[in-house]
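Here are a few notes to read alongside the model. Keep the 3D view open and find each piece as you go.

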Amino acid sequence: MIKEIDLNRGVKLIAGGNIVNQCSYVTLVFVGGASEQKYLEQAHLVEHIISTFKYRVNEKIQLNTLLGSAKADARTQNDNMSFSFAVTNFNDLIEKLQTLSHCINDVVITKEDLEKEKQTIIDELIYADFSTEYIEKVSADFKKLTIKDIEEYIAKNLTSDNLIIYTLSNSSVDEIANCLNEFVDSLKHTNYKNKITKEPGIWAKDKSEHQHSEVYVTYKLNKPITTERERCLFDLLRLYAQNFRIGIKKPLRHEKRLIYRSDVYTSGVDRADLITKIYCKEDNTDAVTEEAIKYFDDLFNNGVSEENFEFIKKNYQDFLYSRPMHIPQRLVVKIGEEYLKNKNSNIDNEFQQNLINNEIESIKKYDKQKNDKIIELLNTLNVQDFNEFIKTYLQNSTFTIKIQNERGLKV
């Protein structure tokens with residue numbers, strides 16, 4: 001059942017139960033987002049600074065790692081900036097809230113750090129395939145931004161006046177409210193509430209009329225998966241293939257900006273054909289196909305480096321560790337917003353049941369003991385095991401490339 005609770009300073013808490021797992025989810029939404037920004041993309045830049053930068057405690061500078069974990073999330077939208085936490089106990093929640101409070105009130109920003117983070121935003125826009133004109137506009141606006149602008153944005157927008165909090169939890173709502181009241185009291189209170197406009201704001205993209213293509217790179221395998229070890233190695237192979245878009249740790253996006261995203265799937269657990277689906281502009285189809293052939297030829301002929309193997313291995317570990325925590329953060333807010341529209345206190349059960357039935361089968365199937373065994377097996381594998389697996393497992397596979405565009409043409 002949804003409860004609406006008044007926290008200190010008039011901040012609303014919309015609290016519901018969690019029927020999916022044993023975690024508590026807390027999402028703090030600061031109304032305003034990109035619609036209140038002084039310069040283009042400023043809100044996005046502020047979100048990065050708060051969620052990834054250093055902060056000062058007891059005259060010592062510390063690094064904020066809590067918001068960069070699989071159990072936390074920060075994002076900027078047209079009408080709000082939000083910070084979300086998945087926690088398993090109140091001490092974890094208190095620590096995250098205290099960190100966020102420090103980063104809002106006492107964030108340490110140097111000129112060098114600011115310039116570096118500006119470039120990170122530009123890289124993200126390139127990664128998301130925004131137009132050259134849009135990126136040039138953002139770059140020009142960023143040149144005007146100073147540390148004082150960032151501090152003024154935080155002081156005006158990230159205040160208790162503009163805050164609403166949503167939570168889904170099996171824990172005591174009163175205890176959560178006590179933790180949140182301490183956080184609310186730490187924020188500035190200015191009696192200034194942001195007005196939400198309908199300006200396109202941060203995620204406004206050019207509406208270019210490009211045709212798009214899907215490039216399917218398939219390795220049809222003649223040898224089935226028969227052991228847990230092979231399954232684990234094949235999952236690592238899938239992760240490597242999925243990272244085609246960014247070339248593992250050396251992104252293609254800087255030089256080429258060819259690819260929107262890539263997905264990897266298989267034709268079944270036992271057969272486990274490797275199918276990589278790559279989305280790109282139709283004009284880039286030939287170049288993407290050439291890059292894909294080069295990428296997978298290099299993988300299957302030369303194997304991977306130890307550094308890249310450790311990178312995908314850590315990705316897999318993080319995925320396994322985070323699975324029990326997984327409720328999409330947007331769902332926590334969506335439940336609260338739906339409640340505010342019609343005051344239906346049962347809306348949380350309806351939404352979550354739909355989630356369980358339709359969206360994330362992995363939650364129902366989650367088995368901690370099995371996951372721990374996979375992680376234990378994963379830790380015994382090294383780069384030589386992976387490269388040997390590639391050579392033997394893909395020896396007699398059939399390689400094909402199929403291209404489909406929006407007109408339905410297949411090449």
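The points below take the strands and then a pair of helices.

1. Before you start, keep in mind that this is a predicted model.

2. Let's begin with the hairpin. Strand E6 (residues 72-76) and strand E7 (residues 80-87) run antiparallel and pair over five bridges. Three residues make the hairpin link from E6 to E7. E6 is mostly covered, with four of its five residues buried.

3. Next comes an open sheet of three strands, in the order E5-E4-E8, with antiparallel pairing. Strand E5 (60-63) and strand E8 (107-108) are at the edges and have a single partner strand each, so one side of each has no neighbour in the sheet. As a reminder, strands of a sheet pair through backbone hydrogen bonds, either parallel or antiparallel.

4. Stay with that sheet for a moment. Strand E4 (residues 54-57) is joined to E5 by four bridges in the antiparallel sense. Here Val57 faces Lys60 in E5.

5. Now the helices. Helix H7 (residues 228-242) packs against helix H8 (residues 285-302) at an angle of about 150 degrees, and their axes are 11 Å apart. The crossing of H7 past H8 is right-handed.

6. Which residues in H7 and H8 meet? From H7 come Leu237, Tyr240 and Ala241, and from H8 come Tyr295, Phe296, Leu299 and Phe300. This contact of H7 with H8 has seven nonpolar residues, no polar and no charged.

Conventions:
Residues numbered from 1 in each chain as written. Predicted model: local features only at pLDDT ≥ 70, side-chain atom pairs only at ≥ 80, totals over all residues. Heavy atoms only, no water. Buried < 20%, exposed > 50% of the residue type's maximum accessible area, 1.4 Å probe, protein only. Helix = DSSP H or I, 4+ residues; strand = E, 2+ residues; numbered from the N terminus. Pairing = 2+ DSSP bridges. Axes fitted to C-alpha atoms, helices over the stretch in contact; angles between N-to-C directions. Left-handed = near helix turned anticlockwise from the far one by under 90°. Contact = heavy atoms within 4.5 Å. Nonpolar A, V, L, I, M, F, W, Y, C, P; charged D, E, K, R; others polar.
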